[in-house]
Amino acid sequence: LRADVKGFGSELSSAQRVADARLGAIEKSGAQMSRNLSAGFNLAKGAAIGFVASIGVDAVVQAVKSGLAYASSLGEVAQQLGVTTDALQEYRYAGSQAGLATEEVDMALSQLTRRIGEAASGTKAQAEAFEKLGISVKDANGEIIDAGDAIPQIADALQKIESPAERAAILMDLFGRSGQKLEPLLSGGSKAVNELRDAANRLGIVLSSEQIQKADETADKLDAVRQVLASKIAGTV
């Protein structure tokens, strides 16, 4: 019995040493794994931050480009449509509140400018349309009014016409295909129209002529810089 107990104790001690060695190896391996995981997570975190930062920079750059392109285009578009840049921006906002897209508002302004010009030059059909509304296409100084000034007058004149069909026909004559879509905007008269125009200014979405000019100049300078950089890179390559 003593021999068996001694042998058992010896084997037990040996087993304990083996177990301690195995556990030590496991702990060491686990510690290394932990460090590796930690390093991996830190690397991933750094990459994620860099990725997000690059997205943020790209988004800002794109926003700047879009903003400059929008601002610099206002002057050209306003000139083409025959309105001031203020009126263009105000009516774009007013139209959006009535459910019209920017393109539809621009088209309506373009058509009205054309109709005013035709009426001023003596085209019978267009002259009669404005006479029916009691609107003169020329101001007190004999100057032809622009579409921006004419719209509030048209809105007031339409309120005096009871027949929906007649109002629709007049809107079509003056604004083209976008005419009927302007009915909600014009139905409140000049007061409602001008309130929306004022709201656009209060919201700060109407850029001044100076801001538009500076944006145009800045866009031109950036375009020049891009061309110079492209040329330098091509030459270096």
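Reader: Does S178 count as buried or exposed, and at what relative accessibility?

Author: A residue counts as buried under 20% relative accessible area. S178 has a relative accessibility of 7%, so S178 counts as buried. Keep in mind that this is a predicted model.

Reader: Where is S178 found?

Author: S178 lies in the loop between α6 (164-175) and α7 (183-186).

Reader: Which residues does S178 touch, not counting residues up to four places away in sequence?

Author: Contact means heavy atoms within 4.5 Å. With residues up to four places away set aside, S178 touches E104, M107 and A108. S178 and D106 are 72 residues apart along the chain, and their C-alpha atoms are separated by 9.5 Å.

Reader: What is the relative accessibility of G179, and where is G179 found?

Author: G179 is also placed in the loop between α6 and α7. Its relative accessibility is 0%, and therefore G179 counts as buried.

Reader: Which residues is Q126 in contact with, leaving aside its neighbours within four places in sequence?

Author: Q126 sits in helix α4 (residues 124-133). Its contacts, once those neighbours are left aside, are R115, E118, A119 and D173. Q126 counts as buried because its relative accessibility is 14%.

Reader: How many of the 237 residues in the protein are buried, as a percentage?

Author: Buried residues account for 29% of the 237 residues. The accessible surface of the protein is about 15300 Å², and 57% of that surface belongs to carbon and sulfur atoms.

Reader: How many helices and how many strands does the protein have?

Author: The protein has nine helices and zero strands. Along the sequence the pattern reads α-α-α-α-α-α-α-α-α. For contacts between residues at least 6 apart in sequence, 63% join residues at least 24 apart.

Reader: What describes two packed helices?

Author: Two packed helices are described by the angle between their axes and the distance between the axes. Take helix α2 (residues 85-97) and helix α3 (residues 102-120): they pack at an angle of about 125°, and their axes are 9 Å apart.

Reader: Why are α2 and α3 called oblique to each other?

Author: Angles of 65 to 115 degrees count as roughly perpendicular and those over 145 as roughly antiparallel. The angle here is about 125°, so α2 and α3 are oblique to each other. α2 passes α3 in a right-handed crossing.

Reader: Which residues of α2 and α3 meet?

Author: From α2 come L88, Y91, R92 and G95, and they meet T102, V105, D106 and L109 of α3. By class, the residues of this contact are four nonpolar, two polar and two charged.

Reader: At what angle do the axes of α2 and helix α8 cross?

Author: The axes of α2 and helix α8 (residues 189-202) cross at roughly 110° and come within 8 Å. α2 and α8 are therefore roughly perpendicular to each other. This crossing of α2 with α8 is right-handed.

Reader: Which residues make the contact of α2 with α8?

Author: On the α2 side they are A87, E90, Y91, Y93, A94 and Q97, and on the α8 side V193, L196, R197, A199, A200 and N201. The contact of α2 with α8 has eight nonpolar, two polar and two charged residues.

Methods
Residues are numbered from 1 along each chain as its sequence is written. This is a predicted model: local features need pLDDT of at least 70, side-chain atom pairs count only at pLDDT 80 or more; totals for chains, interfaces and linings use all residues. Side-chain values use heavy atoms; hydrogens and water are left out. Axes are lines fitted to C-alpha atoms, for helices over the stretch in contact, and angles run from 0 to 180 degrees between N-to-C directions. Helices (H or I, at least four residues) and strands (E, at least two) are DSSP runs, numbered from the N terminus. Angles under 35 degrees count as roughly parallel, over 145 as roughly antiparallel, 65 to 115 as roughly perpendicular and the rest as oblique. A crossing is left-handed if the near helix is turned anticlockwise from the far one by less than a right angle, and right-handed if clockwise. Ala, Val, Leu, Ile, Met, Phe, Trp, Tyr, Cys and Pro count as nonpolar, Asp, Glu, Lys and Arg as charged, and the others, Gly among them, as polar. Buried means under 20% relative accessible area, exposed over 50%, partly exposed in between (1.4 Å probe, protein chains only). Accessible areas come from the Shrake-Rupley method with a 1.4 Å probe; for residues, only the protein chains shown count as cover.
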